[in-house]
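Hi,

Here's the structure I said I'd pass on. Have a look at it first, then read my notes below.

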Amino acid sequence: MVRPKKENRKEDILEAGIEVFAKRGYYNTTTALIAEKAGISQPYVFKFFKTKEDLFIAALDRAFERIIQTFESVEASQDHLVTKMIGAYKGLSESNPNEISLQVICFSVTEEAIQQSIRKGLSRIRNYTLERFQSAGIPNADREVTTFLARGILCNISFFIDLPELIDGEQS
């Protein structure tokens, strides 16, 4: 089914926003730059997103939701769950690198609404992962989730600054 043109435009703006925010950061991005990337006029951005902050939050929500969806698609036994989820996240990182950059950039944004969105998104990921680890019978699930999430954030930082040895220990 083909989405109406209006929905296509909203999606185009969101995708352009993710790309521009990922490359320029929150504070160096303007709605004019996003509009240019989307091939529309700047005022048209505001038909879908009232503010740049709203657009950034929508982009973050997209990134966090995609992580949950990726983890939900993993099927594995207790012995392989963590490894399979790490592999799934690696695949997600490769297919959506701008969303990974967005996750790193968001930590530098001080606006309260964005901070709330970060807390909400990370809490959802943590709660989902904890529930998944517990239901799989992974021992010390709380501690394992903390380690899993910390490693994920370190992977994001490693990708963002192009320093893979943070994760794999080998220097380029």
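Let's start with two helices and who touches whom. From α7, the residues Ile125, Arg126, Thr129, Leu130, Phe133 and Gln134 meet Ala141, Asp142, Glu144, Val145, Phe148 and Leu149 of α8. Sorted by class, that contact has seven nonpolar, two polar and three charged residues. Keep in mind that this is a predicted model.

How do the two helices sit? α7 covers residues 112-136 and α8 covers residues 141-160, and they pack with their axes 9 Å apart at an angle of about 135°. Angles over 145 would count as roughly antiparallel and 65 to 115 as roughly perpendicular, so α7 and α8 are oblique to each other. Their crossing is right-handed.

α8 has another partner, α6 (residues 97-105): the two axes come within 9 Å and cross at roughly 105°. That makes α6 and α8 roughly perpendicular to each other. On the α6 side you'll find Pro97, Ile100, Ser101, Gln103, Val104 and Ile105, which meet Asn156, Ile157, Phe159 and Phe160 in α8. This contact has seven nonpolar, three polar and no charged residues.

Now for α2, residues 31-38. Which of its residues are buried? They are Thr31, Ile34, Ala35 and Ala38. Looking down the axis of α2, these buried residues fall within an arc of 100°, so they line one face of the helix. The spacing makes sense: an α-helix has 3.6 residues a turn, so residues three or four places apart point the same way. Just after α2 comes glycine 39, with a positive phi of about 75°.

Cheers

Key
Residues numbered from 1 in each chain as written. Predicted model: local features only at pLDDT ≥ 70, side-chain atom pairs only at ≥ 80, totals over all residues. Heavy atoms only, no water. Axes fitted to C-alpha atoms, helices over the stretch in contact; angles between N-to-C directions. Helix = DSSP H or I, 4+ residues; strand = E, 2+ residues; numbered from the N terminus. Parallel < 35°, antiparallel > 145°, perpendicular 65-115°, else oblique. Left-handed = near helix turned anticlockwise from the far one by under 90°. Contact = heavy atoms within 4.5 Å. Nonpolar A, V, L, I, M, F, W, Y, C, P; charged D, E, K, R; others polar. Buried < 20%, exposed > 50% of the residue type's maximum accessible area, 1.4 Å probe, protein only. Arc of directions from axis to C-beta.
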